[in-house]
Every structure is written in structure tokens, then in C-alpha cells.
Amino acid sequence: MSELKKIATREGFGEEIAALGHENPDILVVDVDIGKSCKTGKFRAELPEQYINVGIAEQNGAGVAAGLATCGKIPFVVTYAVFGSLRMAEMIRQEVCYPDLNVKLACSHGGVTPANDGASHQCIEDMGVLRTFPNMTVIMPADYNAAKKLVREAANTYGPMYLRFTRDAVAQVYGPDEQFTIGKAKQLRDGKDVSIIANGDTVILAIEAAETLAAKGISARVLDMHTIKPLDVEAVAACVNDTGRIITVEDHNILNGLGSAVCEVVAEMGKGIVKRVGIQDQFGQSAPYERLLAMNGITVENIVSIAETL
Amino acid sequence: MKDISIKELENTATRMRMKVVDMIYKAQSGHPGGSLSAADFMTACYFYDMNVDPANPRWPDRDRMVLSKGHVCPIQYACLATRGFFPEEELDTLRKEGSKLQGHPSMNKCPGIDISTGSLGQGLACGVGMALAGKLDKKDYRVYVVVGDGEAQEGEIWEAANTAHKYALDNLVVFVDVNGLQLDGTTDQVMPNGDLGEKFKAFGFDVTYLDGHDMAAIVKALDDCRASRNGRPKALIAKTVKGKGVSYMEDQVGWHGVAPNKEQYEQAMAELRAQLKA
């Protein structure tokens, strides 16, 4: 399916949040003046009564959402990953996670996908920061269709949730009828020699690496770990038991993201080995998206090379 | 509103102050100064103005209270217990393991707390969200937010003030407890606030200045706020005395977050008892 047109996952969010808003009048969008970029335009145009824009005031946006949620609303606070996870971080901790309120944080511009914007807008820390907040669920869909389905799952499941989308267009992995469950990994390919666990925009790299490895006689399992918290521990344990070797791939700092979460499980099992592919704990720069990934070794070739030597 | 005399409200405020001192003494931990400065306003809200139901603390049509300066929760706990939200004996559990009465208020532990607070500057935005939900749902409830003058140094307060104005939240009342002191010194020393009333006016609020210990003035201000449906949020700029009612605590920076010893406790209780009007 990777021959299909590439499309940013923020587009999937924009489509689905508008559909959800029509179905449930308690679903609100709280924008902070980057709604156009985060694709809330359709919601805003079609559902003005459910649309709030608090201006360039992220901290306040999180607090307003918390107050709305105490009154039974389901607010989606919409911004960029770097602002939603860091500028709002303490408000999310104090006023959303601690009171366990039904606020959804929907953020575009995850990882290095705002490639041309440079390091200030690329966000490599968000999933790590937010997965350490009790009560928070942390999700990154792999493509447009996964984004739509996981946004719907999030809207229909109580609790604080972080949803991370891409600014730039990414390959399509799933058909429109694919089903997703929060906290359950999707196995895209089975294998017995090595497991490649990826999420978000790197899932396509994992699939392509597995195809290359197959041609070389190496059988790779591929998991889309769209939810890094709660992590699908059973799926990780099965990778350890069945393949022994795991490569994690993420468009996020190798510290405290998917790779770290997987390592926590594997270390406590006392067997298995993990190699982490991801952002090498360094800030990015304005550059093409694929170049930024390559600067960090987030490439099909590197995944294949690691698999061959693991 | 409720049929209660000013004198009875004043005596209730004194009794709430006694509970505050008693709780903090028994816990040997807590914030007496700001709890006492906010006591008269909190008493007027809970015993005169607010529509709440102790048997149904999450009644959707209730008026809401957001204690943005969450460290002064002993005064709110005293009011809630006396109104019957939980047994008064539980006031003795303040800050103890397993208690409803956390050091800063938790909405999922203590009935009657409408939102958890404790990190300064965050409550007004939450109150704005509640007031906005009331407007969206065409409900008639009111939202009260208690903000400290030191706390007004937080930028998020002013982001939230902008939003209250934009959405014409005349169901929102911000009580600014201007006791002039904060942890490290006077507000003038630490970070001068200037005229907070003028600031709220500039943000589009209807502003009333009052003596935060004049019960008749507080009651009138609450009545005026409730009667006004002009599309403008309300700010009550209340000049108060930190530690009000206990002579050695009044206007003393040192009584921000310290518990009295036995001798100080007995003196405080005797002084407060003497303030009850026959």
C-alpha cells in the first residue's frame, strides 16, 4: 500500500475530529491560534458552537480544557507537540493528569516532521515527558487511516490522552477498514529472527527493512506500537521469547521514548537484546525530513544493517 | 440568597478561623496566614451565596469554587465540613496519610472540591473553562475563583483573564485576596503588582474594590455580581490582612506556612473566641 499518495497524519485528525464533533456535541476543540496548521479548520467551520480559540496562550488552553472537562465536556486541546508537551506540561500534570480529567491533547508536528521549521519546532521529547505522568495515555498513529481510527478510539475512551501527528506527509500503511485498540500493538508481519518495533512515521521504514531482510533470508517481525503508554507488554515479551532480538525505531529521542519503554520490559525479563534507532539525543536543523532522519541513522539501510549484525 | 444576618456570617467566619487554626495546629503543618485572610469571603460564599448540595457534591447545576491559591485549603475544608460535605471530625486528618484533606486540594479525594489545585496561577484558567461550559450548556451556575495577590505575578492568570473577556463570562467572579504578603516578603519587595484592579479593568473585567474583612461589603459585592448579566467577568479586589484575627500572625510574612505551637495555639483560639459576637 506504500504506493498510495503520502499524506500527513494531522489531516486524518482534522477529518475525524469534525466527524466526531457532529456525533457528540460534548466534543470541543480548544485551539491556541495554530488551528489552521493543525487541521481544525473543518471543525471550526462546521461546528462553531463547539469551537474555542484561546489565542497564543498554551498554559491557559490546558487549564480551560480542564475546567470544561469537569463539566462533562470532552475537549481536544490542539497545538504542536513541542508546545503541548512542554509549554503546557505542568498544567497537563496538575490540572489534567492528577485530577484524571477527560482531556485529549492532540498535537501535530511530532518528531522531526516539521523539518523546514528547524529545531525549535521539531519535538523529540514529548512522548518521553508525557509517559511519565500518571494517568496519561500516549499514542502516535502510523498513517492517515490509523490517525482517524485512534482519534475516534481516544474520543470514546475516558481519560487524559496525548495523540501525536506528523506535519509532513508520510506513507500510508493501512486501509480504511483497519481496526485499532489503544494499548494493543499491531503486528504487520511475522518473523522468527528479529523483531522491529516502530511507531508513527517510522513504521513504514520498519516494513521496508523487513522486506529487504526477507530477501537476504532474515525473517523479521514488525510491530506498530502506536501506543507507548500503556505499552503492550505482552507483545514485547512475545518478541523476546520468539525472536530474542529487537530493534526499536522511532522519530523521537532514543532517551525515554518507545525504545526506552521496550528496554524497560526486556531488562526486567532478564533475556533478549534491544537496539534503539531514533534521534541521537541531539537537536535538529532546517533540512529535508528524510535528511533529518538520515542524520540520526533512522533509515531502512541502518535498520537492515543492525538486524544483520545483531 | 440565604436568609442569614451579617452578624451570623461574621460569627461563622470567626468559627471557620478557629477550625483553620485547630486543623493546622493538629497537623503541625499548613498555611494559616492566607487561610485567615480569605476566611470572610469564603464564609460569605459557602454560607450566603453559593448554591451547592452537600448530598450531591457533583450536582451539575451547582455553583463552583476554584481555590487557585490552593495552599489555603484549610479554610475551604472548614467551610465544606461545616456545610456537611464530610464529617467535621475529618478536619483532624488534614495532611495525614490516607486523608481526604490533602495539603493542597484534590477533587477526587475530597467531596466539594471542584478542581484540584496547588500550583499557583492555574486556577483561573480552570474557572474560565467551567464558566464557558456553563455558557455553552445555557446553565445558570456561577464560578468563583480565589486568586492571591502574589499569585497574580503568574502569567497564566492574565492569559485566562483575556479568555474570560473574550467569551463574555459574566458568570465568573475572581476574588483577589490582596493581603500584600508572599512567601519571600511583601509583594512590593518581591514583585510589585501595582493596582490589580486597574489591570483587571484593562482586561475587560467589572472591578469592585472592597475591604475583604467587611462582611456587609462582601455580601453586597456578591449580590451585585449575581445581578449583573452584562457580558463582563467580575473581579473583586479585596484588601485583606494576612493572618487576620490572630494578633501575632497579622501582617507577618513569617506566618505564611508555619503551624502554631501549643502556647500560640491556645492564644489564637482564645483571641478568636473573644471575637464571637453575642
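Is B:Asp49 buried or exposed? B:Asp49 is buried, at a relative accessible area of 0%. Buried here means under 20% relative accessible area, exposed means over 50%, and partly exposed lies in between (1.4 Å probe, protein chains only).

The model is predicted: local features need pLDDT of at least 70, side-chain atom pairs count only at pLDDT 80 or more, and totals for chains, interfaces and linings use all residues. Residues are numbered from 1 along each chain as its sequence is written, chains are lettered from A and ligands numbered from 1 in the order in which they are written, and side-chain values use heavy atoms, with hydrogens and water left out.

B:Asp49 has a charged partner. Its side chain meets that of B:Arg226 in a salt bridge, at 2.9 Å from N to O. A salt bridge is a side-chain nitrogen of Lys or Arg within 4 Å of a carboxyl oxygen of Asp or Glu. The pair links distant parts of the chain. B:Asp49 sits in helix α3 (residues 39-49) of chain B, and B:Arg226 in helix α9 (residues 215-227), 177 residues apart. Helices (H or I, at least four residues) and strands (E, at least two) are DSSP runs, numbered from the N terminus. B:Arg226 is buried too, with a relative accessible area of 16%.

Over all chains, the salt bridges number 34. B:Lys26 and B:Asp92 form one of them, with the closest N and O atoms 3.2 Å apart. This pair also joins distant parts of the chain. B:Lys26 belongs to helix α1 of chain B, whereas B:Asp92 lies in the loop between α4 (73-83) and α5, 66 residues apart. B:Lys26 is partly exposed at 38% relative accessible area. B:Asp92 is partly exposed at 34%. In chain A, the side chains of A:Glu178 and A:Lys186 meet at 2.8 Å, N to O. A:Glu178 is partly exposed, at 29%. A:Lys186 counts as buried, at 16%. A:Glu16, A:Glu23 and A:Arg152 are linked in a network of salt bridges.

The contact between the chains was examined next. In all, 27 residues of chain B are in contact (heavy atoms within 4.5 Å) with 26 residues of chain A. The size of an interface is often given as the accessible area lost when the parts come together. Buried area is accordingly the accessible area (1.4 Å probe) that two parts lose on being put together, summed over both. Between chain B and chain A this area is about 2,100 Å², and carbon and sulfur atoms give 55% of it. B:Gln122, B:Leu136 and B:Glu159 supply 24% of the area that chain B buries against chain A, more than any other three residues.

One salt bridge is counted between chain B and chain A. A:Lys73 forms a salt bridge with B:Asp137, with the closest N and O atoms 2.5 Å apart. On the side of chain B that touches chain A, α5 (123-136) and α6 (155-166) each supply at least two residues. Helix α5(B) gives the most, with eight residues. The residues of this side divide into twelve nonpolar, nine polar and six charged. Ala, Val, Leu, Ile, Met, Phe, Trp, Tyr, Cys and Pro count as nonpolar, Asp, Glu, Lys and Arg as charged, and the others, Gly among them, as polar.

Rings of Phe, Tyr and Trp (its six-membered ring) pair if their centres lie within 6.5 Å; planes under 30 degrees apart count as stacked, over 60 as edge-to-face and the rest as tilted. The pair of A:Tyr80 and A:Phe83 is stacked because the ring centres are 5.8 Å apart and the planes stand at 25°. A:Tyr80 is buried, at 9%. A:Phe83 is partly exposed, at 21%. B:Tyr25 and B:Tyr265 are stacked as well, at 4.0 Å centre to centre and 10° between the planes. B:Tyr25 is in helix α1 (residues 6-27) and B:Tyr265 in helix α10 (residues 262-275) of chain B, 240 residues apart. B:Tyr265 is buried, with a relative accessible area of 15%. Ring pairs also link B:Trp158, B:Phe200, B:Phe203 and B:Phe205 into a cluster.
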